[in-house]
Amino acid sequence: MIAAKYIAYDALASISVVASVFVLASLVRLGSFKSSFTMLLVSLHVSLIMEIVTIFPYAYTSSDTLCTAIGVTHHYFSLMNILVVALLVEAHRSMVLRDMFGSRYLILKYGLYVIILFPLIILLALIGDTMTAKPGTADGPWCVLSFEDTTWSLVLYSLWIWIFLFWSILSTLYTGWRISQSDHLLAKKFFSSIGLYVLIAVNSWLPRAIEKAIIYTHPNYTTNHFVSSYPRRRFDDDDAR
């Protein structure tokens, strides 16, 4: 039963990767890289592919070093993914509403640098020696990546994730409302495209946030889920005593 569960997990993850590859191929072939939207969508699907590739069970559990490298890589692309969603919402807001700052053009000019460089803040956890990793077991086939304390987890990862998500939610609702004042059909298209990206992002991170809150408040809580997505405090036998 357990093996079947992981096979099904691998199958679904593989389908997601293949779907993103097809989207990337379409964007490269038909899109214009002079458009901020093409650049953001390419970045979004690259980050999605890397986020998925780094969570295949039993693939990276051979050593602590490999676990750490894969865990950090997953955190990097997870943060990148949410950042790209926020920039995608902002680019659409700038296009359909009056924007004195010209956000869409700034994103086209500097967005790729921000997308690549900002998520590197996760490396500060390694420099400060505040992150540990260990391979999974037969009951938990994923690498466990742990922060030494809650503060580092919040400052380097969780806080930014939810800042970007809340900004995306508020900006999407405001932009959709403004559009609906003059064109209901355009507002419907906006919510069914950009709004869908935001909805998927929130739905994918809400369970992680709930589990992370449980882990922070109940250190004895254990799970064999993929916990690289939810950095947690280190807990070992000494703590139990």
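## Reading the labels

The chain's secondary structure amounts to eight helices and three strands. This is a predicted model, in which local features need pLDDT of at least 70 and side-chain atom pairs count only at pLDDT 80 or more, while totals for chains, interfaces and linings use all residues. Residues are numbered from 1 along each chain as its sequence is written, and side-chain values use heavy atoms, with hydrogens and water left out.

Q: Why is S171 called buried?

A: Buried means under 20% relative accessible area, exposed means over 50%, and partly exposed lies in between (1.4 Å probe, protein chains only). S171 has a relative accessibility of 4%, so the residue counts as buried. Its place is in helix α6, residues 150–180. Over the chain's 241 residues, 45% count as buried.

Q: Which residues does S171 contact, leaving aside its neighbours within four places in sequence?

A: Contact means heavy atoms within 4.5 Å. With those neighbours set aside, S171 touches V89, E90 and R93. Among contacts in the chain with a separation of 6 or more, 69% join residues 24 or more positions apart.

Q: How do you know that E90 and R93 form a salt bridge?

A: Side chains of opposite charge can pair when their charged atoms come close. The term salt bridge asks for a side-chain nitrogen of Lys or Arg within 4 Å of a carboxyl oxygen of Asp or Glu. For E90 and R93 the closest N and O atoms are 2.7 Å apart, so the pair meets that cut-off. A search of the whole structure finds one salt bridge. Both E90 and R93 are buried.

Q: Why are E90 and R93 separated by about one helical turn?

A: They are three residues apart in helix α3 (residues 64–96), which means a separation of about one helical turn.

Q: What makes the pair of Y76 and F77 edge-to-face?

A: A pair of aromatic rings is described by the distance of the centres and the angle of the planes. Rings of Phe, Tyr and Trp (its six-membered ring) pair if their centres lie within 6.5 Å; planes under 30 degrees apart count as stacked, over 60 as edge-to-face and the rest as tilted. By this rule there are seven aromatic pairs. In Y76 and F77 the ring centres are 5.0 Å apart and the planes stand at 90 degrees, so this pair is edge-to-face. Y76 and F77 are both buried.

Q: How do you know that F190 and F191 are edge-to-face?

A: Their centres are 5.7 Å apart, with 65 degrees between the planes, and the pair is edge-to-face. F190 has a relative accessible area of 5%, so this residue is buried. F191 reaches 36% and is therefore partly exposed.

Q: Which residues do ring pairs link into a cluster?

A: The cluster is made of F118, W160 and F164.

Q: Why is R104 said to lie over the face of Y105?

A: A charge sits over a ring if NZ of Lys or CZ of Arg is within 6 Å of the ring centre and within 35 degrees of the ring normal. R104 lies over the face of Y105, at 5.0 Å from the ring centre.

Q: Is F37 buried or exposed, and what does F37 contact?

A: F37 is buried because its relative accessible area is 16%. This residue is found in helix α2, residues 36–53. Beyond neighbours within four places in sequence, F37 contacts L88, A91, H92, M95 and R104. F37 and R104 are 67 residues apart in sequence, yet their C-alpha atoms are 8.8 Å apart.

Q: Why is M95 called partly exposed?

A: M95 has a relative accessible area of 41%, so partly exposed is the label. M95 is found in helix α3.

Q: Why is L12 called exposed?

A: With a relative accessible area of 58%, L12 counts as exposed. L12 belongs to helix α1, residues 2–30.

Terms used
Helices (H or I, at least four residues) and strands (E, at least two) are DSSP runs, numbered from the N terminus.
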